[in-house]
Amino acid sequence: MGEMEQMKKEAEALKTQIEAARKAAHDTDMASAASGVAPAPRVQLKTRRTLKGHLAKIYAMHWCTDNRLMVSASQDGKLLIWDSHTGNKVNAVPLKSSWVMTCAYAPSGNLVASGGLDNMCTVYNLKTPVIKTVKELDAHTGYLSCARFLSDTEILTSSGDTTCVLWDLETGKQKTVFLNHVGDCMCLSLSPDMNSFVSGACDSLAKLWDIRDGQCKQTFQGHTSDINAISFYPSGNAIITGSDDCTCKMYDIRADQEVISYQDAALNSGVTSLDLSASGRLIFAGYDDFNCNIWDSLKGEKVGVLSGHDNRVSCTGVPGDGMCVCTGSWDSFLKIWN
Amino acid sequence: MARDMSDKDILKMELEQLQKEVKNTREPVSKTTKEIYEWVEAQAAEDPLIKGVPEDKNPFKEKGGCIITCDFLWQN
């Protein structure tokens, strides 16, 4: 038997063993386990703000930790910083490349980052008298799909080159390369304790990584298409994913498997983005069909919908204090709901 | 990056990962999901998007019509 044949045989045997171990742990699922939990109330949120200012599709948004400012990125070639309370634009950052796919706010509020088809992550300082580019992180060989700051000195990126990278912002160099996906990485989410992160990719897998040792610890299967959105559950022991297969799923980290799927036969649009309410009870998932559906994360039922955009909802974000949800769309507007 | 890797190297990477993951411990779903929903239930009482935000405490409440009050000092 050739070496590759031998390896394939061994891999299949290990996959069978892992599936058996998962099955042995699968003595129930989330909906059944939570059957005694009172249903979530029907959620009817109103649009409180419509933020107008971008001139083209919005691809990403991210809240600042002050729960008031937020950054949005559009293929009009700009990052806009908004004061969500007043609805005013606080800053505009012109981008060298208009093909932006992601933006991020540093926890300190001092820096923002963006990246996209230029394969780079550019970091800007908002606190200098004139906004300055402080670093251009240039080593990915594919598009930048997502970026998240750990601090003013470290940022994590995910890329179409199938890797995620932890960068040192003082040197501009890669500290750690996380390589294990075999498809474009589309999204990432940091754990609440900042020791790990999860990534979702076009190989239909979500992976859990240890930030410090660079190792992939767990792989979650079940989706049948690209995973476009991912978020740690606020309790830190589960993750929620959203996919082009039109479903969202919760994967339980300690049971190492899917425990509930959020889907509806009538829904045949891919999930583009998602975020969670403060307790994790509600999942806000943006879809290609212009809506953002609200799911009860414990029961698997749809409990509301945010309708109002005239094009795909491309990004969704709940601020740290959980006071609202923001949706951004290809219709060029951002809406704030509560 | 996986794109530059040969099929053999990709297979080797996948195999090594499976060899690591097969050793992971897996807790019963009944135990792990219970901890999750108990955590959520404890937090849900304070979740603004579930319990609602009172109008007077809502920083995003719609800006209503403004009543501009001016005190004119008429001078002769």
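Mentor: Let's start with B:Glu35, which is partly exposed at 33% relative accessibility. Keep in mind that this is a predicted model.

Trainee: Okay. What does B:Glu35 form a salt bridge with in chain B?
Mentor: With B:Lys31, and the closest N and O atoms are 3.9 Å apart. B:Lys31 is partly exposed too, with a relative accessible area of 39%.

Trainee: Where do B:Lys31 and B:Glu35 lie?
Mentor: Both are in helix α2 of chain B, residues 29-44. They sit 4 residues apart, about one turn of the helix.

Trainee: And which residue of chain A does B:Glu35 form a salt bridge with?
Mentor: That's A:Arg254, where the closest N and O atoms are 2.5 Å apart.

Trainee: Is A:Arg48 buried or exposed?
Mentor: A:Arg48 is buried, with a relative accessible area of 10%, whereas B:Glu55 is partly exposed at 44%.

Trainee: Why do such side chains pair up at all?
Mentor: Side chains of opposite charge can pair when their charged atoms come close.

Trainee: Which residues are linked in a network of salt bridges?
Mentor: A:Glu19, A:Arg22, A:Asp256 and B:Arg26.

Trainee: Let's switch to the interface. How many residues does the contact take from each chain?
Mentor: It takes 48 from chain B and 78 from chain A. The two chains bury about 5200 Å² between them, with 65% of that on carbon and sulfur atoms.

Trainee: Which residues in chain B lose the most area to chain A?
Mentor: B:Arg26, B:Leu49 and B:Phe60, together 17% of what that side buries.

Trainee: How many residue pairs are in polar contact across that interface?
Mentor: The rule finds 24. On the side of chain B that touches chain A, α1, α2 and α3 each supply at least two residues, and α1(B) gives the most, with 13.

Trainee: What's that side like by class?
Mentor: It has 22 nonpolar, 9 polar and 17 charged residues.

Note on methods
Residues numbered from 1 in each chain as written. Chains lettered and ligands numbered in written order. Predicted model: local features only at pLDDT ≥ 70, side-chain atom pairs only at ≥ 80, totals over all residues. Heavy atoms only, no water. Buried < 20%, exposed > 50% of the residue type's maximum accessible area, 1.4 Å probe, protein only. Salt bridge = Lys/Arg side-chain N within 4 Å of Asp/Glu carboxyl O. Contact = heavy atoms within 4.5 Å. Buried area = accessible area lost by both parts, 1.4 Å probe. Polar contact = N/O pair within 3.5 Å; in protein donor to acceptor, adjacent residues only side chain to side chain. Nonpolar A, V, L, I, M, F, W, Y, C, P; charged D, E, K, R; others polar.
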